[in-house]
Amino acid sequence: MSIRHGLLALLERGPRYGSQLRTEFESRTGSTWPLNVGQVYTTLSRLERDGLVVQDGEDDQGHALYSISDAGRTELRSWFETPVDRNSPPRDELAIKLAMAVGAPGVDIRAVIQAQRHHTVKAMQDYTRLKAQSLAQAPANRDEVAWLLVVEQLIFQAEAEARWLDHCEARLVRLAEAAATEPERSPSQATAPRPAGRTRARR
């Protein structure tokens, strides 16, 4: 998630101060990725250092305002126009967990999968409920529409994860069945035969 570009997008609408940016960011994303004020101001300092924002005086309450610069607008346009890179996907904790659970002693991987599936389905139901509530209120502004897009992405992501978990369980079942049908090797089969050769006659 690019917080810096999110802040640039909000600043393109006009000067903002730190806590205002945090509130608008969370409103736009439905608090899916909450920010703290310190994180916002740290990002603003880096944007200012990089010449993408400038300080623009204060408001009536004495809050320091920030505005996007021409370089910041160029950076923002480039961000919008460039596809999100999938060549180096972020680490996924669930995928790593299942990969490490395969063959790990004392771990029932099917139980791990079932527990995760229960959690994922519940999350999907919660997201679907939020979507229904949003649609019932007829989104009227861009912040509400933006939140609807975010919650729909979460629904699709949960659906994909549930399907993947089903696939993982099916693969493990096939693996277990294949292992069960393999004939057991006898001790004589387990020992490799010695190469045949001439025997020397005893004198």
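The following exercises, each with a worked solution, concern a predicted model.

**Exercise 1.** Determine how helices α6 and α7 are oriented relative to each other, and describe the contact between them.

*Solution.*
Step 1. Locate the two elements: helix α6 spans residues 109–136, and helix α7 spans residues 142–181.
Step 2. Note the geometry. The two helices pack at an angle of about 155 degrees, and their axes lie 9 Å apart.
Step 3. Apply the cut-off: angles over 145 degrees count as roughly antiparallel. Helices α6 and α7 are therefore roughly antiparallel to each other.
Step 4. State the handedness: α6 and α7 cross in a left-handed manner.
Step 5. Sort the residues of this contact by class. The contact of α6 with α7 has 17 nonpolar, 5 polar and 9 charged residues.

**Exercise 2.** Carry out the analysis for helices α5 and α6, and name the residues that meet.

*Solution.*
Step 1. Helix α5 covers residues 93–101.
Step 2. The packing angle of α5 and α6 is about 160 degrees, with 10 Å between their axes.
Step 3. Since the cut-off for roughly antiparallel is over 145 degrees, the pair α5 and α6 is roughly antiparallel.
Step 4. The crossing in which α5 passes α6 is left-handed.
Step 5. On the side of α5, the residues are L94, K97, L98 and A101; they meet I109, V112, I113 and Q116 of α6.
Step 6. By class, this contact of α5 with α6 comprises 6 nonpolar, 1 polar and 1 charged residues.

**Exercise 3.** Decide whether S67 is buried or exposed, and describe its surroundings.

*Solution.*
Step 1. S67 belongs to strand β2, residues 64–68.
Step 2. The relative accessibility of S67 is 12%. The cut-off for buried is under 20%, so S67 counts as buried.
Step 3. Leaving aside residues up to four places away in sequence, S67 touches P15, L52, V53, V54 and D56.
Step 4. With D56, the side chain of S67 makes a polar contact, side chain to side chain, at 2.7 Å.

**Exercise 4.** Classify the accessibility of R77 and identify a polar partner of its side chain.

*Solution.*
Step 1. R77 is found in helix α4, residues 70–81.
Step 2. The relative accessible area of R77 is 34%. This value lies between the cut-offs of 20% and 50%, so R77 is partly exposed.
Step 3. The side chain of R77 makes a polar contact with the side chain of E12, at 2.7 Å.
Step 4. Consider also A9, which is 68 residues from R77 along the chain; the C-alpha atoms of R77 and A9 are separated by 9.4 Å.

Notes: Residues are numbered from 1 along each chain as its sequence is written. This is a predicted model: local features need pLDDT of at least 70, side-chain atom pairs count only at pLDDT 80 or more; totals for chains, interfaces and linings use all residues. Side-chain values use heavy atoms; hydrogens and water are left out. Axes are lines fitted to C-alpha atoms, for helices over the stretch in contact, and angles run from 0 to 180 degrees between N-to-C directions. Helices (H or I, at least four residues) and strands (E, at least two) are DSSP runs, numbered from the N terminus. Angles under 35 degrees count as roughly parallel, over 145 as roughly antiparallel, 65 to 115 as roughly perpendicular and the rest as oblique. A crossing is left-handed if the near helix is turned anticlockwise from the far one by less than a right angle, and right-handed if clockwise. Ala, Val, Leu, Ile, Met, Phe, Trp, Tyr, Cys and Pro count as nonpolar, Asp, Glu, Lys and Arg as charged, and the others, Gly among them, as polar. Buried means under 20% relative accessible area, exposed over 50%, partly exposed in between (1.4 Å probe, protein chains only). A polar contact is a pair of N or O atoms within 3.5 Å; within protein, one must be able to donate a hydrogen and the other to accept it, and residues adjacent in sequence count only if both atoms are side-chain atoms. Contact means heavy atoms within 4.5 Å.
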